[in-house]
Amino acid sequence: VLFTTGKVSGHWFDKIPSNYPYAKGCGYHFVAPFLGCNFNDYDYSRIIYKDVYQKETKLGLKGTVTVMNFVYDYANFGYFGLFYSGVIVAFFFAFINKLFNDSFTWTLCLNALFVFWLSSSAFHTLLLSGGWLITLVLFFIFKKYITVKENELSAKN
């Protein structure tokens with residue numbers, strides 16, 4: 001899991017910007033229409049797949065090379081993208097810590113898988129269509145019921 005993800009991320013760093021330009025926001029599917037871009041021109045997960053896996057492409061196979069969260073931001077804005085990616089994720093982790101009131105158990109149970117998936121998915125994709133946002137919203141809605149039961153169990157012990 002770690003080796004392949006790192007290897008594929010290396011392909012992105014090798015190819016962008018030497019072979020392909022920074023996308024300047026057009027590499028985000030949800031932003032491209034607002035910028036007047038055609039996302040398919042900057043869908044680097046497919047473009048780099050064709051470039052790196054030429055033998056498979058000649059056989060008619062189509063695929064993608066998905067990478068770690070921060071690589072998508074690098075593909076769009078270069079080293080500044082790496083910086084802002086780190087800042088956004090750090091603030092999001094701080095928000096999660098506040099939401100879960102420093103409850104390590106609930107934080108770990110409900111977020112560990114999503115944090116792990118950041119190694120092969122874009123942050124916004126994970127948040128909006130990967131289920132992370134709905135998990136946080138549901139926890140927020142049912143938080144008072146969960147913490148009441150947790151406190152009752154602690155009092156009994």
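# Helices, cores and pockets of a predicted chain

Biologist: What share of the contacts with a separation of 6 or more lies between residues 24 or more positions apart in the protein chain?

Modeller: This is a predicted model. Counting the contacts in the protein chain with a separation of 6 or more, the part from residues 24 or more positions apart is 59%.

Biologist: Which element supplies the largest share of the largest nonpolar core?

Modeller: That core has 15 residues, and among those with the most contacts inside it are Trp-12, Ile-16, Ile-48 and Val-65. At least two residues each come from α1 (2-15), α3 (44-52) and α5 (69-99). The largest share, four residues, comes from α5.

Biologist: Which residues does Ile-48 contact, leaving aside its neighbours within four places in sequence?

Modeller: Ile-48 is one of the residues with the most contacts inside the largest nonpolar core. With those neighbours left aside, the contacts of Ile-48 are His-11, Trp-12, Lys-15, Ile-16, Tyr-20, Tyr-53 and Val-65.

Biologist: How many residues does the second, separate core have?

Modeller: Val-89, Ile-96, Phe-123 and Phe-139 are included in this core. The second core has 13 residues.

Biologist: Which residues lie nearest the centre of the largest pocket?

Modeller: The largest pocket holds about 360 Å³ of space. Its lining has 10 nonpolar, 11 polar and two charged residues. Of the 23 residues that line the largest pocket, those nearest its centre are Phe-39, Tyr-72, Ala-122, His-124 and Thr-125.

Biologist: Which element gives the most to the lining of the second largest pocket?

Modeller: The second largest pocket has a volume of about 210 Å³, and 16 residues line it, with Tyr-28, Asp-73, Tyr-84, Ile-88 and His-124 closest to its centre. By class, the lining of the second largest pocket has 11 nonpolar, four polar and one charged. At least two residues of this lining come from each of α5 and α7. With eight residues, the element that gives the most is α5.

Notes: Residues numbered from 1 in each chain as written. Predicted model: local features only at pLDDT ≥ 70, side-chain atom pairs only at ≥ 80, totals over all residues. Heavy atoms only, no water. Core = buried A, V, L, I, M, F, W, Y, C linked by side-chain atoms within 4.5 Å. Buried < 20%, exposed > 50% of the residue type's maximum accessible area, 1.4 Å probe, protein only. Contact = heavy atoms within 4.5 Å. 1 Å grid on protein atoms, 1.4 Å probe; cavity = no way out; pocket = protein on both sides within 12 Å on 5 of 7 lines; lining within 4 Å. Points joined across faces, edges and corners; volume = space filled by probe spheres on them. Nonpolar A, V, L, I, M, F, W, Y, C, P; charged D, E, K, R; others polar.
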